[in-house]
Structure formats: structure tokens, C-alpha cells
Amino acid sequence: MAYSDKVIDHYENPRNVGTMDKEDPNVGTGLVGAPACGDVMRLQLKISDDGLIEDARFKTFGCGSAIASSSLVTEWVKGKTVDQAMTISNKDVARELSLPPVKIHCSVLAEDAIKAAIEDFKKKRAARKAQAS
Amino acid sequence: MLKLPIYMDNHATTPLDPRVLEVMLPYLREDFGNASSRNHVFGWKAEAAVKKARQQVAELIGATDQEIVFTSGATESDNLAIKGVIEYYKSKGDHIITLKTEHKAILDTCKRLERVRQERLDELKLLRLGQLAERDVSPEEVAELAAKHDLENDATYKKWAELPTGGARVTYLDVEQDGRVNLEKLEEAMTPKTVLVSIMFANNEIGVVQPVAEIGALCRKKGVLFHCDAVQGIGKVPFDVEAMKVDLASITSHKMYGPKGIGALYVRRKPRVRIAPLIDGGGHERGMRSGTLNVAAIVGFGHAAQLAREELADEAARILRLREKLRKGLTDALDMTVLNGSLEHRLPGNLNISFAHAEGESLMMGIKDVAVSSGSACTSASLEPSYVLRALGVDEELAHSSIRFGLGRFTTEEEVDFVVNLVVDKVRKLRDMSPLYEMAKEGIDLKSIEWTAH
């Protein structure tokens, strides 16, 4: 199977690989996929108190398309508000990377990872508020 | 000077040996005759060339030339052996025993025979239920009426169901963790209806060599025919149909440095093994496989067989040394690697290894100048990882992380050194971006996590 140039570029030069402190109250962590399926994505977002995504980091176990999808979304979410990031869809990712039909699930996973990370952040914030009151 | 790309996928196919090409060329040019033409020199030349090649192939496996049936390749040989035996011996029985780790040419042939049998039984059920209900019965009513009339215990239906169906019943045996068959389980699986055991010589993914001589002795003792898909092992490890008591063996040329599109089925003469043909026509190959012989390819196959026989011992030792260098180079430099299948009972050129937490397809993408293969689902059309690795009980994640290296006649030490360095570098790079490797290093049990399957 031939990969698109953009997939190869993200695979060879992945953006924003790394780990953030998951205990940090401003960090939301999304861990999606399953080892048995051959793809696991972890996306971490550093979100300011007013809901701006200041930084993003990922680590991915999976094929080249999965790595490229997660690398791409770290670039896209940075500087966006939480609400804006929630509107990123797997179709945008698949189109940008020219993913073939068998690799669409990689883009779905990337979308899920954004949503899971934001969900985690919101849960943390709610827990913090509950504690404060 | 190292030349890229490097070919390390010799289980898929092998390059044509230049010496083989040389002997083939005249038969693609001036010596184009039909080996069946009995009345002129063109035909005689072709016939003589085929006769010589038949002897060369026979000699490689300890057979006689009259026991070699040329086919288009091993897939055809496997089909011919299984379907041919089932059809010819249908009055004797219809049970086949094989392994879950066999090649698809065996497994899918068996599945088809199971379907044929099932379709025949479905017809018989309709017929019998029609008799019992004394009216026409539609297929949708079968389940209900079968329960009502207790069809499974109906003497007439039971008698009919024991008649030859044209299909077969099949037992797919599990293998041990090292990939080898358990001989006791094989013996237990045999029934009075068992006519054929089909077990491969060496596995195409993990290179594990089966105890063929022990299987052959057991089958002979039990009066069951033994077919061996010997594609991967022949020419790499000694194989002898007499010593191993093999009744039928599939061979292909392109896995031993010969041309593609030509193979053979060994069919034992003493004691005589019979098969029904799949392809009818001019009665070539003693009626077992009609069709004009592909003389140039047969000549190449014969020469490849002769080279394999003459060079087997030296070549196996050389390739084994390189394989071990590759294996040690990788496992010394990297942690969390798992060898899939037995190390002891293994083809010298095979290394199948899982690099935990580094996915196979992305690793292949990183080593794109090296041709290897992976058990990762991402490299296949289905979403399932390698069924062979799963049959060994290899964890799914590790199956996704497996790479098969296939070393061969033309693999050099320089290439092995290059591959070790490249693979070690890329595995480390992938693990640096793998959440699973990070978690494993932190001591988190990955099995304790509730994953979101998709």
C-alpha cells in the first residue's frame, strides 16, 4: 500500500511527541484504542482556565496512518478553544492525510482522542470545583 | 558496497538463481517443442528435458521420477492432493485431520469440502423431512420439522448421512506453544473414517518444522494417508519421502530459486496412492494433471532442485549463522522482544520476532529499504492479526508487533549487519512514541486497563 506524502512526513517527523504530567489539573489525557486492535493513541492537552488549548502532546502505538493522524491533530488543536477543538472531525483528518478507506479508523481514533482528552479535563475541573465549594 | 533495497522475505518467494535462468533459456527460444509430440525431434528434445527435470526433482526428496506430477505450483498441488484423495477414497471415508497453522491453500480447500458436505446433508434433510411430513418441505421449515420428527435420530436419515457426500469432515488441530503438533492429540483425532492427514513440513510464517517422520510413521501404522505441504522446507532442511513415510507432498519451484508457476505433487507408488484429477484433458502426467507441460519452467525447476540438493548442507549452515547473528543482534540490543515459535525446530533462514509495543506495519514503514513481512493486521486485508501466531497463543498486541525475516541464498553478512542497526534504531524510535512502552516501563499492567475496542 502506498502512503500519501503527508502521512510519510508526519511519520518521519512526528510533531509534539511526548508526555505531560497527567496529575496537572490543567492537563486532560485521552487514551483511546486497544492494543489487541493494533492501535492505541494517547493525546494530552494543556488547557488554560479560560478554555484555551495551550499545548498538546501525543504518543501512539499503531500504523503509520495512526501516528500521522495523532501528530496532525496535535498541530490543529493548539491555539484553539475547547469548543473549537470539539468540532474537529475524523473526516477533516482523513481528507488532510488522504487516508484510504481501510485507514479511516485511524482518523476516527484521533477524533475520539481529542474528545476523550477534553472530557478528562472537564471532569478534573468539575471535581476541583466540587472540592472547593 | 551494500545495495538497497534489501530482500529479506524469502518465504514469500526467492529470486531466480542465475544458473537456473541459464538452463531455461534454450527452452524459451529454439527448443520450444511440445513434450507430448511423439513423432519429431522438437517433441523428443522437450520430452528428454522434462524427464531429466523429473529425475532431479525426485532425487531431491528421495522419490522416483514416476512419482512426480508437475502442477502450476503448490496451491494446485495442495488442492489436488486433498480433493483428489477425498474423491478417490470416498467409499472408505471422508475425514481429514489438519492443523490450524496450515497454509490457506490447505485450510480453504478443507473449508470448501466441509461446505460441500453440509450442502449435501441439507438436501438430504429436505428429502427425508418431505417423506416424513408427506408433503413438500421448504428450506425455512427444516429446523422446526427436524425437531418435530427427531431427524438426528431417524434411522433412514442417519444411514443416508453416512453415504459419500463428495465433501469431507475436517478436524483442525491446535498446535503446542512452540508451533508443533502434539502426536498424541493427532492419534486421538483419528477415527475409522479418517482417510487423510495433511500437515506441513515447515510453517511459512514462523518457520517451525513439524516432526514429519513421526507423523508419517503414525499414519502408516493407522492406515491413513499422509499429505505434507513441504513448500517451505524442501531444499532448506533434508526431506525424504521414504524415511519420513510421506504419501503425498506438495513442492514449489519459486521457493527454491526456480521460476514461478511450476510445482509438483509427489504421489507415492509403493504402496500405491491414488488420486482423482482436478483437471481433465489430454491425460498428461499419467492422467493426474492434464495440460501441455511448461517445459522451460520444468527445466528450471529441475535444475533448481539439483542445486538445492548439492548445496543444501553448506547453504543451511551459512544461512543459520547469519540468522543467529540477526537474532542475537536484535535481542541483545532491544528489551521486550519475543521469538515466535520453536527456536530448535526451525528453518535456518526464518526469524519471526515480536517487538513489544512497536506496531509491525509502522516498523515496516520505518525500514522501507528492507523487504520483510509482518503479522500485523494492518498489512492484510482483514482486521485480524496473523492466525498462525494466534494459534500459538501469541497475545494479539504481540501479533501486531511481529516481523518475519526470511534469509536466503543471496543474503549477505553485510545486509544482516545493516538490518540489525536499522531495525534497532527504528524500534527505539517507535517505542519512544509508544504510550504502551512508556506504561510498561512504568510497571503498569496493560491487561489491567479497560481498553475501548473499536
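Helices (H or I, at least four residues) and strands (E, at least two) are DSSP runs, counted from the N terminus. The phi angle of Ser98(A) is near 50°, a positive value in a residue other than glycine.

Before going on, a word on how to read the model. It is predicted, so local features need pLDDT of at least 70 and side-chain atom pairs count only at pLDDT 80 or more, while totals for chains, interfaces and linings use all residues. Residues are numbered from 1 along each chain as its sequence is written, chains are lettered from A and ligands numbered from 1 in the order in which they are written.

Now step back to chain A as a whole. Chain A holds 5 helices and 3 strands, and from the N terminus its elements follow the order α-β-β-β-α-α-α-α. Its radius of gyration is 15 Å, close to the 14 Å that the globule rule gives for 133 residues, so chain A is as compact as a globular protein of that length. This radius is taken over C-alpha atoms, and the rule is 2.2 Å times the number of residues to the power 0.38. Along the principal axes, the C-alpha atoms of chain A fill a box of roughly 55 × 30 × 20 Å. Of the 133 residues in chain A, 48% are buried.

The strands of chain A make an open sheet of 3 strands in the order 1-2-3, with antiparallel pairing. Strand 1 and strand 3 of chain A are the edge strands, each pairing on one side only. Strands count as paired if DSSP finds at least two bridges between them. Strand 1 and strand 2 of chain A are joined in the antiparallel sense by 8 bridges, and Val32(A) has Met41(A) in strand 2 of chain A as its bridge partner. Helix 2 of chain A packs on this sheet, touching strand 2 and strand 3 of chain A, and its direction makes about 175° with that of strand 3 of chain A. Helix 5 of chain A lies across strand 1 and strand 2 of chain A, at about 145° to strand 1 of chain A. For these angles, axes are lines fitted to C-alpha atoms, for helices over the stretch in contact, and values run from 0 to 180 degrees between N-to-C directions.

Where do the two chains meet? The contact takes 24 residues from chain A and 22 residues from chain B; two residues are in contact if their C-beta atoms, placed from the backbone, lie within 7 Å. On the side of chain A that touches chain B, at least two residues each come from strand 1 (27–34), strand 2 (39–47), strand 3 (53–61), helix 2 (64–77) and helix 5 (104–132) of chain A. Strand 1 of chain A gives the most, with 4 residues.

Over in chain B, there are 14 helices and 13 strands. The C-alpha atoms of chain B fill a box of roughly 75 × 75 × 35 Å along the principal axes, and 48% of its 454 residues count as buried. Strand 3 (residues 95–99) of chain B pairs with strand 5 of chain B in the parallel sense over 4 bridges, and Ile96(B) stands opposite Leu196(B). Strand 5 of chain B also pairs in the parallel sense with strand 6 (residues 225–229) of chain B, over 3 bridges.

Finally, look for two cis peptide bonds in chain B. One runs from Leu4(B) to Pro5(B), with omega near -5°, and Pro5(B) is found in the segment before strand 1 (6–7) of chain B. Another runs from Lys270(B) to Pro271(B), with omega near -10°.

How values were computed. Buried ≥ 20, exposed ≤ 12 C-beta atoms within 10 Å, placed from the backbone.
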